[in-house]
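The sequence and structure come first.

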Amino acid sequence: MIKLVGALMAALTIALIGIDKTHKLTLKVTHLEKLCSMLKYMADLIKNNLPTLDKILKEIGDNQYYKVIDFIPNAEKLIRSGESFKESWKKSILESEMQIDEADRILIISLGEILGRFDGESQEKELLNVARLLNIRLDEAREKKRNFSPIYKTIGICGSLAVFILLI
């Protein structure tokens with residue numbers, strides 16, 4: 001009986017690994033989609049002369065569509081506590097649990113150098129440029145998800161069955 005339970009636990013663990021890998025690919029696509037959209041929205045807000053970055057962050061933070069972008073509320077809170085935008089932005093992105101690559105984080109962090117420091121047109125252009133670059137990464141993530149999600153699921157299920165059969 002104990003052997004059966006152990007085999008079942010090992011099989012479930014392997015199946016869950018495959019499911020987890022698939023879920024992470026899905027989250028990465030979702031997070032990149034929201035980030036691209038948010039950056040375009042920020043550019044639009046700057047273009048329409050929304051006065052300050054804290055108001056822009058509040059506008060985005062209050063928007064339900066962007067709730068998965070977990071660094072915005074933290075950045076807004078740090079700015080209200082007196083930290084500079086640049087440091088709040090960087091710290092919040094580094095602490096974020098979003099499923100994005102390190103290169104994507106660095107790209108988004110780089111916006112902290114520009115936002116609030118240059119004229120609105122330059123900020124708008126940089127936001128749209130980063131959104132364009134992230135859109136390329138989004139296309140890559142979608143392709144990876146399309147190619148690997150079925151493989152991860154299959155390997156997880158087949159692997160768990162093989163382990164279960166071998167252990168019983």
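## Thr 22 and Lys 153

Thr 22 touches Ser 149, Tyr 152 and Lys 153, not counting residues up to four places away in sequence; contact means heavy atoms within 4.5 Å. The model is predicted: local features need pLDDT of at least 70, side-chain atom pairs count only at pLDDT 80 or more, and totals for chains, interfaces and linings use all residues. Residues are numbered from 1 along each chain as its sequence is written, and side-chain values use heavy atoms, with hydrogens and water left out.

Thr 22 is part of helix H1, and Lys 153 is part of helix H6. Helices are DSSP runs (H or I, at least four residues), numbered from the N terminus. Thr 22 counts as buried because its relative accessibility is 8%, whereas Lys 153, at 45%, counts as partly exposed. Buried means under 20% relative accessible area, exposed over 50%, and partly exposed in between (1.4 Å probe, protein chains only). Leaving aside neighbours within four places in sequence, Lys 153 is in contact with Gly 18 as well as Thr 22. The C-alpha atoms of Lys 153 and Gly 18 are 5.1 Å apart, although 135 residues separate the two in sequence.

## Nonpolar core

The largest nonpolar core has 35 residues. Such a core is a set of buried Ala, Val, Leu, Ile, Met, Phe, Trp, Tyr and Cys residues joined through side-chain atoms within 4.5 Å. Leu 35, Met 38, Leu 39, Met 42, Phe 71 and Trp 89 have the most contacts inside this core. At least two core residues come from each of H1 (2-47), H2 (53-62), H3 (71-80), H4 (85-95), H5 (102-114) and H6 (120-167). H1 supplies the largest share, ten residues.

Not counting residues up to four places away in sequence, Leu 39 touches Leu 111, Leu 127, Val 130, Ala 131 and Leu 134.

## Aromatic pairs

There are five aromatic pairs, where rings of Phe, Tyr and Trp (its six-membered ring) pair if their centres lie within 6.5 Å; planes under 30 degrees apart count as stacked, over 60 as edge-to-face and the rest as tilted. Phe 85 and Trp 89 are a stacked pair, 5.3 Å centre to centre with 25° between the planes. Both lie in helix H4, four residues apart, about one turn of the helix. Trp 89 is buried, with a relative accessible area of 0%, and Phe 85, at 14% relative accessibility, also counts as buried.

Phe 148 and Tyr 152 form another stacked pair, 6.0 Å centre to centre with 25° between the planes. Both lie in helix H6. Phe 148 counts as partly exposed, at 35% relative accessibility.
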